[in-house]
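Biologist: I have a model open and want to learn to read it. Can you take me through strand pairing and salt bridges?

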2 protein chains.
Amino acid sequence: MARNYVQQIQDLPIGFQSSLDEILVGSSRTRSSNSLVTDSAAGATAFSCRIKTYNAAIAVADDKSPCGTVLEAAKLQRGMATGLVATSRITHATPAAFSAHVSHRDMEDLIAEYQIGNYSLGPVVDLMFGGGRCHFMPNTQANVSCRMDARDLWSEARAAGFHTLSTRKQFDDLESRSSAKKLPILGAFAPSHMAYEIDRDSASQPSLAEMADKALHILNSATKKKSAGFFLMIEGSRIDMAAHTNDPAAHLRDIVAYWDAVTVARKFVDEHPDTVLISVSDHETGGFSVAKQLTPEYPEYLWNPRALEHVRHSIEYISYKLLSPLAGDDQEARYKFVRDTVFADWLGIKDAKHEEIITAAQETDSTKLRQLLSTAISNRAQIGWATHGHSAVDVNLYAYGKDAHLLRGNHENTDIGKFIVNVLGLDLDSVSSKIKADRIAQGTQAVKETPFGSQDLDAPEHHLAAAH
Amino acid sequence: MARNYVQQIQDLPIGFQSSLDEILVGSSRTRSSNSLVTDSAAGATAFSCRIKTYNAAIAVADDKSPCGTVLEAAKLQRGMATGLVATSRITHATPAAFSAHVSHRDMEDLIAEYQIGNYSLGPVVDLMFGGGRCHFMPNTQANVSCRMDARDLWSEARAAGFHTLSTRKQFDDLESRSSAKKLPILGAFAPSHMAYEIDRDSASQPSLAEMADKALHILNSATKKKSAGFFLMIEGSRIDMAAHTNDPAAHLRDIVAYWDAVTVARKFVDEHPDTVLISVSDHETGGFSVAKQLTPEYPEYLWNPRALEHVRHSIEYISYKLLSPLAGDDQEARYKFVRDTVFADWLGIKDAKHEEIITAAQETDSTKLRQLLSTAISNRAQIGWATHGHSAVDVNLYAYGKDAHLLRGNHENTDIGKFIVNVLGLDLDSVSSKIKADRIAQGTQAVKETPFGSQDLDAPEHHLAAAH
């Protein structure tokens with residue numbers, strides 16, 4: 001989908017290959033231990049601990065015992081520098097499964113404690129760039145916290161030696177080179193998730209590629225002298241989230257932003273050929289199809305990338321704006337706002353039908369509103385969705401650099417964890433045995449709804465929590 | 001989907017790999033010259049002529065000039081034996097694109113003439129196994145013909161030296177070994193398409209694997225003395241057709257039957273290591289998802305292979321039976337037939353709702369009836385579909401044997417044609433120049449509806465013809 005789009009909009013030749021196309025080596029199978037359809041927690045634990053576990057498990061096995069991760073082992077056994085880069089909250093399932101051990105992904109308060117070293121192994125993550133500052137802030141600071149308790153992990157992190165960053169300026173001021181003494185770093189550039197690429201204000205948040213580039217060079221500089229190397233996990237976290245919302249335009253832009261990060265990482269590998277780069281998804285989301293039949297008559301064979309070209313905001317952003325009190329009570333003004341701003345300007349839909357406009361203007365339920373906006377874009381693009389959840393389809397596996405050929409072919413997701421263990425010569429079991437299990441469950445599993453509007457409104461992970 | 005199903009039904013380990021999983025090398029990109037979503041004719045021409053052409057083109061370029069195919073060049077330039085095996089009509093798009101040159105796929109009468117050598121190159125196909133006898137029969141034989149004219153190609157083929165087969169017994173009697181003098185062979189085991197695997201009566205039709213096995217050994221024996229080798233195209237043709245009907249159970253069984261054919265072909269490669277096997281699809285069909293959300297509430301992460309286990313017939317077969325006059329007028333008897341035979345026995349659905357039964361019993365429109373049956377099975381399996389047509393997604397590429405490693409990675413479908421040209425050392429342009437273009441269009445493009453009931457009722461290719 002993204003390739004077709006970029007080819008058509010930029011008038012590229014049929015043979016154009018993305019930064020990922022060029023390094024395709026095979027596919028990854030995604031089922032978890034308790035379902036044919038995995039969630040992100042079990043999916044990430046397959047990569048981090050090379051085991052199958054239950055949906056929602058963060059680096060714990062089926063029996064909830066902790067499993068040592070490749071990140072922890074790289075740090076403890078090889079003296080490598082370690083990093084996590086994500087556009088979600090840094091406490092979200094994927095980065096969490098490399099750096100914490102909890103029985104349910106929603107325990108993000110506890111995950112944050114792990115990430116600043118508050119567990120039996122001490123601090124193991126040297127660099128974190130992402131969102132999720134709210135899980136480090138005490139609930140006494142109502143507007144910036146989503147913690148259930150009054151702990152100030154941000155200050156605790158500083159006290160433990162972390163350099164904390166929360167603004168674009170602080171990010172920019174961070175020197176990429178000769179930064180050994182700057183580690184560890186905790187950079188959280190949004191209270192909750194970072195913005196979708198399609199909504200991102202580049203003056204206030206760095207891109208995934210910028211974070212990847214800086215992380216690669218800081219970690220490399222930090223370990224250059226002792227030649228220990230580094231382990232870095234980079235996630236284009238919100239590709240999945242856009243698919244949960246069935247938002248094809250936000251999905252597309254986050255995919256292309258991810259390509260840019262891959263380009264940055266490949267350049268690093270070219271300059272440092274003793275490095276291996278792996279790119280893989282934990283699962284498919286949305287039951288996405290690059291074709292959609294719109295009428296009972298047999299469909300023409302086509303889809304329409306141009307329908308995504310002029311979309312300027314995510315459905316999440318638009319629905320938040322539409323449902324905010326500021327969007328106005330005056331019915332005529334609201335109709336014009338929906339027609340001129342929402343459809344024409346933000347969605348790039350100049351031919352919206354009266355019916356579409358009036359329905360969107362009157363809808364007050366966020367789930368229904370999002371569905372309506374999704375249908376407006378997806379039908380014009382002729383893109384299909386089967387679910388707001390995940391699917392069981394295999395995902396593409398990409399690899400580049402040293403030993404990348406060992407990942408060729410069709411693999412279980414656990415094989416990717418095993419590959420990392422093998423190329424780094426790690427012993428995960430010995431790490432597992434060092435992790436005390438007493439911090440795996442919280443006293444309460446209650447999840448606090450975060451107060452940051454569009455970026456968390458009805459976030460899929462809260463639905464998921466309800467499903468488990 | 002098929003792997004999950006087989007694993008669950010046969011209680012196989014998570015790591016089980018199908019005969020295809022084991023030989024995955026990359027992916028193929030499927031767009032045609034005039035659409036991001038290809039049809040099978042353009043898709044097959046990419047493989048046979050290594051060019052992009054328009055949807056519906058059978059081995060002709062955008063300007064309708066003929067393009068020499070790898071099959072023709074293998075025969076003419078290398079003296080190789082050649083074969084086509086399919087479960088569709090042998091005159092259908094995929095086998096046609098290796099053996100005929102016509103401006104539209106629906107000209108199957110003309111394609112049949114090409115296939116028995118009635119064009120400038122003379123006979124180039126040594127062996128054909130499949131369906132489609134009706135396009136070789138004169139329209140004077142109303143019950144067995146789908147030709148527009150009175151030509152008897154079946155007799156013409158015999159006169160030209162073809163051994164003609166139309167029954168399972170004739171197929172079984174055909175010796176696999178020492179059959180050089182038996183070539184050429186025209187085996188057409190059904191008037192139109194051969195049966196879906198789920199409907200197949202093994203006493204009357206061979207399986208795809210059986211046809212593949214016999215074809216491989218006959219072609220190999222025929223060229224053993226002169227060491228010329230052979231080119232064979234084997235298609236599991238109806239995998240696609242089941243997806244057009246959004247019929248997950250028929251789709252599944254034809255996929256598994258295809259795996260069996262791959263196993264047969266891999267065994268041949270193991271015994272003849274100078275052979276290369278390529279397995280690839282021309283496109284995805286159905287916008288198929290291995291997950292489907294059934295309610296507005298956020299879905300659980302699962303799909304249900306067991307729902308496909310006890311399905312005993314294709315939707316095509318069932319809808320044909322239901323709409324045939326024999327299915328009865330007595331409303332009570334019809335209700336019981338639908339409940340006990342259609343739902344409980346044929347679909348394996350014991351918990352059909354009264355509403356489902358009565359709607360199916362009363363539906364007289366075949367498209368709506370099929371949709372209803374598709375929904376009954378697909379919802380219980382939690383399998384999603386976005387279209388009755390094709391989609392633009394990349395498809396898996398598999399290869400095994402000599403030089404198979406050259407196909408690793410992400411490729412345009414034309415690269416697969418180029419690979420065959422390169423490994424066999426062919427010159428397609430020289431073949432193109434030998435093909436006279438005067439037989440590319442028929443006097444009339446009219447398409448005769450075939451009279452063979454379930455196997456052609458509303459067949460997707462006729463919809464496609466209408467769309468172009």
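Biologist: Which residue is the bridge partner of A:Gly26 in S10(A)?

Modeller: Keep in mind that this model is predicted. The partner of A:Gly26 is A:Leu397. That pair belongs to strand S1 (residues 24-29) and strand S10 (residues 395-401) of chain A, which run antiparallel and are joined by 4 bridges.

Biologist: How many bridges join strand S7 of chain A to S10(A)?

Modeller: There are 5, and these strands also run antiparallel. S7 covers residues 276-280. Here A:Ile278 has A:Ala399 as its bridge partner in S10(A).

Biologist: Now salt bridges. Which residue of chain A does B:Asp394 form one with?

Modeller: A:Arg3, with the closest N and O atoms 2.6 Å apart. The pair crosses between chains: B:Asp394 is in the loop between strands S9 and S10 of chain B, and A:Arg3 is in helix H1 of chain A. Both residues belong to a network of salt bridges that also links A:Asp21, B:Arg29, B:Lys52 and B:Glu412. Over all chains, the structure holds 56 salt bridges.

Biologist: Is A:Arg3 buried or exposed?

Modeller: Buried means under 20% relative accessible area. A:Arg3 has 10%, so A:Arg3 counts as buried. B:Asp394 is at 26%, so B:Asp394 counts as partly exposed.

Biologist: What does A:Glu210 form a salt bridge with?

Modeller: A:Arg168, at 3.0 Å between the closest N and O atoms. The pair links distant parts of the chain, helix H8 and helix H7 of chain A, 42 residues apart. A:Glu210 is partly exposed at 30%, whereas A:Arg168 is buried at 12%.

Conventions:
Residues numbered from 1 in each chain as written. Chains lettered and ligands numbered in written order. Predicted model: local features only at pLDDT ≥ 70, side-chain atom pairs only at ≥ 80, totals over all residues. Heavy atoms only, no water. Pairing = 2+ DSSP bridges. Helix = DSSP H or I, 4+ residues; strand = E, 2+ residues; numbered from the N terminus. Salt bridge = Lys/Arg side-chain N within 4 Å of Asp/Glu carboxyl O. Buried < 20%, exposed > 50% of the residue type's maximum accessible area, 1.4 Å probe, protein only.
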